[in-house]
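This report walks through the main features of one model. Please look at the sequence and the structure before reading on.

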Amino acid sequence: MASWLEIILTKRALITGITGQDGTYLAEHLLAAGYEVFGMIRGQAPPATRGKKRPNPEVRLVSGDLLDQSSLIASIEQVQPAEVYNLGALSYVPISWQQAATTAEITGMGVLRVLEALRIVSGVTASQAPGPGQPRFYQASSSEMFGKTRETPQSELTPFHPRSPYGVAKTFGHYTVQNYRESYGMFAVSGILFNHESPVRGAEFVTRKVSLGVAAIKLGLRDTLQLGNLDAERDWGFAGDYVRGMALMLARDEPEDFVLGTGVTHSVKELVASAFAHVGLDWREHVVVDPSLLRPAEVDQLCADPAKAGEKLGWKPAVSFEELVAMMVDSDLRLLWDSRHDLDTKAPEVASLW
Ligand code: GDR
C-alpha cells in the first residue's frame with residue numbers, strides 16, 4: 001500500500017488521444033516512471049473504447065471532448081494534472097480533405113480549447129502569470145507542417161508550408177502553443193514529430209498497411225497490396241522512442257519546442273522493398289499502384305534535423321528503420337497466423353483493408 005508521502009508526490013498526467021498508438025506507448029512510459037495516468041475519451045468509458053484497443057487497465061479514464069470547452073475544463077478540474085499531453089487529433093492525412101472543417105475543429109481548435117481550459121483552471125491571465133507547480137502542456141505538432149518547404153533537413157527553425165487541411169490545423173495548434181507561452185508565460189511546448197510507427201500503428205498508415213500486407217501475402221491470405229505514391233520520402237522512427245522525448249520536453253526547466261526524428265529518410269518504395277525482402281519476397285510481384293490513393297497535394301520529402309533534441313534533451317532514437325520494419329512485419333505475421341481462420345472478428349483492422 002502506498003504511503004501518504006508517495007500519494008502526495010505521485011505526479012498525475014492527463015493524455016488526450018489515449019486510445020491511439022502514441023497514447024498507448026506514452027501511458028506505458030509514464031506508468032513505468034511512477035505517474036498516475038488519466039486518459040481522456042469521448043462519451044462514456046466502455047462504449048467509447050469499443051472496437052478500439054482498450055488502454056492499459058492502470059490508466060484511469062475520464063470523459064472529455066476536444067470539441068467541447070466545458071468538458072475539458074471539467075476534466076482538468078477533476079484530474080488536477082501536473083502534465084497534460086495533447087495527442088488527440090484527426091490524424092489520418094487523406095481524411096482531412098474530406099473533413100476539412102472537422103479536422104480544423106479537432107486537430108486545430110482542440111489545442112486552443114485545452115490550453116484555455118488549463119489557463120482558466122489555473123487562474124492565469126495576461127497580468128497574472130502562472131505560479132510554481134502549474135500544469136505543463138505538451139502538444140503533438142507534426143512534420144506535416146513543413147510540407148513543401150525547400151529546406152532539408154528540417155529543424156525547429158525551418159519555415160512551415162503545410163500541404164493538407166491536417167497540416168494547416170497542426171500549424172494553427174503549433175502557433176497557438178507558442179502564443180500561450182509568450183502571452184501568459186505558461187509551460188507549453190510542442191514536439192514536432194516526424195513519422196513514428198510501431199506494431200500498434202493504425203492499419204490505414206502506410207507502414208502498417210505494408211507490414212500487414214506483407215504478412216498476409218507471405219501466409220497466402222492475399223496476393224497483392226494496393227498502394228499510392230511510392231516515391232514519397234519520410235523519416236520513419238519507432239513510436240516507443242518518441243514518447244520518451246515527449247516526457248523529456250516537459251521535464252526541462254525552460255519550455256521550448258523540439259524536432260524529434262531520426263535524420264534518415266527513405267522512400268515508400270524502399271519501405272516496401274525492405275518489408276518484402278524480410279520475408280524473402282520480391283515486392284514487384286505483389287505491389288499494385290492504385291491512383292485513387294494519390295493525395296490532392298503531396299508532401300514529397302521529409303527528413304529531420306534532431307540535433308537540438310540530442311543536445312538539450314539527450315534524446316536519440318534507439319531503433320533503426322530496418323529494425324522497425326522487421327519488428328512490424330514479424331508482429332503482423334504472428335497476428336495473422338493466430339487469427340487466420342477468423343480475420344473478420346479477430347483482426348478487424350486487417351479485414352477492413354481488403
Ligand atoms: P503521413 O503518413 O501522411 O506522412 O502522416 P502515412 O503513413 O499516411 O503516409 C506516408 C506516405 O506514404 C504515402 N503512401 C501511402 N500512405 C497511405 N496511408 N496509404 C497508402 O496506401 C500509401 N501509398 C503511399 C503517402 O502518400 C505519404 O506520402 C503521418 C500521420 O501519422 C500524421 O498524423 C503525422 O502527423 C505524420 O505522419 C508525422
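## Two helices in contact

The model is predicted. In it, helix α8 meets helix α12 through a set of residues on each side: Thr 207, Arg 208, Ser 211, Leu 212, Val 214, Ala 215, Ala 216 and Lys 218 belong to α8, while Met 328, Val 329, Asp 332, Leu 333 and Leu 336 belong to α12.

Helix α8 covers residues 206–218 and helix α12 covers residues 321–338. Two packed helices are described by the angle between their axes and the distance between the axes. Here the axes come within 8 Å and cross at roughly 50°. Angles from 65 to 115 degrees count as roughly perpendicular and those under 35 as roughly parallel, and α8 and α12 are therefore oblique to each other. The crossing in which α8 passes α12 is right-handed.

## The sheet

An open sheet of seven strands has parallel pairing, and the strand order is β3-β2-β1-β4-β5-β6-β11. At the edges stand β3 and β11 (258–260); each has a single partner strand, so one side of each is left without a neighbour in the sheet. From one strand to the next, the twist averages 25°.

Strands of a sheet pair through backbone hydrogen bonds, either parallel or antiparallel. On the β11 side, three bridges link this strand to β6 (residues 188–193), and the two run parallel. Leu 193 has Leu 260 in β11 as its bridge partner.

Strand β2 spans residues 36–41, and five of its six residues are buried, so the strand is largely enclosed by the rest of the structure. A residue counts as buried here if 20 or more other C-beta atoms lie within 10 Å of its own.

Strand β1 (residues 12–16) runs parallel to β2 and is joined to it by five bridges. Phe 38 has Arg 60 in β3 as its bridge partner. Together, β1, helix α2 (residues 21–32) and β2 form a right-handed β-α-β unit.

## A helix across the strands

Helix α6 takes in residues 100–122 and lies across β1, β4, β5 and β6. Its direction runs at about 170° to β4.

## Loops and local backbone

Which peptide bond is cis? The bond from Thr 152 to Pro 153 is cis, with omega near -5°. Pro 153 sits in the loop between β5 and α7 (165–184).

Another loop, between α4 (69–79) and β4, holds Gln 80. Phi of Gln 80 is near 50°, which is a positive value in a residue other than glycine. Is Gln 80 buried or exposed? Gln 80 has 11 C-beta neighbours inside 10 Å and therefore counts as exposed.

## Leu 343 in helix α13

Leu 343 lies in helix α13, which covers residues 343–346. Because Leu 343 has 19 C-beta neighbours inside 10 Å, this residue counts as partly exposed. Leu 343 and Leu 221 are 122 residues apart in sequence, yet their C-alpha atoms are 10.0 Å apart in space.

Key:
Residues numbered from 1 in each chain as written. Predicted model: local features only at pLDDT ≥ 70, side-chain atom pairs only at ≥ 80, totals over all residues. Buried ≥ 20, exposed ≤ 12 C-beta atoms within 10 Å, placed from the backbone. Helix = DSSP H or I, 4+ residues; strand = E, 2+ residues; numbered from the N terminus. Pairing = 2+ DSSP bridges. Right-handed = clockwise from strand over helix to strand, strands pointing away. Axes fitted to C-alpha atoms, helices over the stretch in contact; angles between N-to-C directions. Contact = placed C-beta atoms within 7 Å. Parallel < 35°, antiparallel > 145°, perpendicular 65-115°, else oblique. Left-handed = near helix turned anticlockwise from the far one by under 90°.
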